[in-house]
Amino acid sequence: MAEEIDDNGFYREDFSAESDWEIFNAQMCEIFQTWELSTSDWGRNLMPGELFSCKWQIKEETLKYLDKNVTLTYYKADLKTQDSNAISRDRAPVHVDLMSRDNTFSPSITDTFQPTRVVHILARYYGLRRFVLLQVVDNQGVHLNKQSDFGITSFLSSIFVVTAELNWSVPVFLQIFHPTWCYFVGVAMTSNMRTNFDAVSLHEAPERMRYLSGLLKMFKEKIPHSYEKPAIVSVRNTYDLDEIKLKVPMYVPFDMTPFEARVISLSQFTALPHGYFSDSKSDIFAIFTWPEMAENTAIDSELQTQFSPSKAPYGFIQLMSHATSYLSSCLTDFRKVSDVKSTVQSYVGRYFSSPSTVSDLENNSAKTNLMKMRSRMQQENYYKLYKETEQQPQKKIPGPMTDHVLNQMLYYLFPDMHSENPLFPYEIPERDPHRIKSASPDSLVHRLSCLVATCNAHFGGERGFVQIWASFIKELRFLWDNCLPIPG
């Protein structure tokens with residue numbers, strides 16, 4: 001008689017419980033159904049170059065799988081509807097886009113990263129109007145790589161399972177390695193065909209693969225030998241040219257262009273900074289295109305080639321600048337002054353920030369004489385009378401600039417202070433009824449604005465800014481109290 005075995009102590013594994021991988025697949029299916037990816041209506045055929053000129057709709061969701069953050073992004077070209085040129089029902093739309101030659105090359109070699117118009121690298125690779133991209137990053141910010149083979153195979157299997165279950169024709173890609181590599185693998189599933197998107201990364205291209213003849217030979221090995229029609233190829237050569245740096249003088253007079261300033265010799269305070277920082281650079285590319293050529297008419301091998309730039313039917317130059325100008329930096333720092341909470345008194349003291357009193361003027365005999373003569377004061381006598389006032393002991397306005405530099409700036413603002421022949425005279429501006437709330441060119445406000453920005457950038461920052469401002473206010477009060485005309 002067999003012994004009765006009590007199996008209550010045995011471990012039973014519950015195979016009906018959902019695993020993390022199955023939960024992740026279900027979450028992906030739910031998101032894709034929300035995005036309505038299963039709809040097969042793609043509209044019409046693409047127009048030439050339409051993918052690179054239309055707007056793009058972008059939808060994004062983030063999922064958590066084990067210790068990794070998975071970002072799902074759906075890219076869809078926002079095409080204008082047209083009644084004609086509809087896609088044939090007997091062909092999958094994804095294959096129509098893949099085989100179309102109208103969007104082979106983008107007009108630009110760079111992506112345009114704008115919120116409403118994004119030309120992703122995959123759209124340029126394959127000419128697709130719709131696709132989904134999975135980007136996986138762990139908690140340490142590390143992307144999928146060859147050391148994490150299990151992660152790559154796990155996410156690829158999820159993509160294959162979900163696409164087979166929903167049976168759509170929108171390609172789904174998985175990004176591998178660092179994003180700068182632009183390395184993608186994926187799949188597009190239809191009712192009767194599956195298209196795999198694979199990529200191969202080589203440390204160094206084989207010699208025969210550097211020419212069109214070697215690439216055509218590899219392509220021919222992938223198709224049946226019975227297929228005798230010649231292949232149609234399109235070729236684009238891109239040449240990275242050397243950088244061209246234009247040397248511009250650091251200081252240029254306010255009212256002149258950098259190229260006119262080489263014959264002018266003025267003090268540096270009379271100009272805002274021009275030029276670029278040392279780390280600025282510009283990328284220049286020459287691009288030449290040969291569209292839709294039969295393989296038997298395209299010659300490109302180690303011995304000879306017909307793809308010389310002088311024989312290209314289409315060509316253009318593209319310039320990409322990565323530069324920060326001194327002027328932009330100067331004006332940006334100048335705008336930050338408006339957020340400073342310190343007062344003028346904290347820099348130069350109360351004496352220079354408080355208005356002049358009658359007792360102060362009466363104690364100064366030279367200024368008292370000026371007040372008595374204000375009814376017959378003429379512009380040409382201003383310099384002489386100012387000199388009389390200047391001989392009296394004056395309290396220096398504290399700041400980083402020396403008296404010589406500060407006086408030169410004041411001479412620029414108030415030319416009549418300098419001599420009988422002013423160094424920087426003002427031009428009489430033409431009256432413009434439309435210029436109500438703006439300063440005319442080469443006016444007092446215009447010169448002052450340029451000076452305070454320059455002082456803030458190159459003459460002590462905020463302290464230099466306050467020093468020239470306090471000096472300007474002091475001279476302006478002197479003119480106002482003595483009923484003298486304000487220049488500019």
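**Close-up views of a predicted model**

**View 1. Strands S6 and S7 meet side by side.** In S7, Tyr183 is the bridge partner of Ile176. Altogether, 5 bridges join S6 (residues 172-176) to S7 (residues 183-189), and the two run antiparallel. Strands here are DSSP runs of E with at least two residues, helices are runs of H or I with at least four, and both are numbered from the N terminus. Two strands pair if DSSP finds at least two bridges between them. This is a predicted model, in which local features need pLDDT of at least 70 and side-chain atom pairs count only at pLDDT 80 or more, while totals for chains, interfaces and linings use all residues. Residues are numbered from 1 along each chain as its sequence is written, and side-chain values use heavy atoms, leaving out hydrogens and water.

**View 2. Phe177 sits in the loop between S6 and S7.** Although Phe177 is not a glycine, its phi is positive, about 65°. Phe177 is buried, with a relative accessible area of 18%; buried means under 20%, exposed over 50% and partly exposed in between (1.4 Å probe, protein chains only).

**View 3. Six strands form an open sheet.** The 6 strands follow the order S1-S2-S5-S6-S7-S8, with mixed pairing. S1 (55-65) and S8 (194-197) stand at the edges with a single partner strand each, so one side of each has no neighbour in the sheet.

View 4. H14 (residues 462-481) has 20 residues. Among its buried residues are Phe465, Ile468 and Phe472. Just after H14, Cys483 takes a positive phi of about 55°, although Cys483 is not a glycine.

Notes
The expected span of a helix is 1.5 Å times one less than its number of residues.
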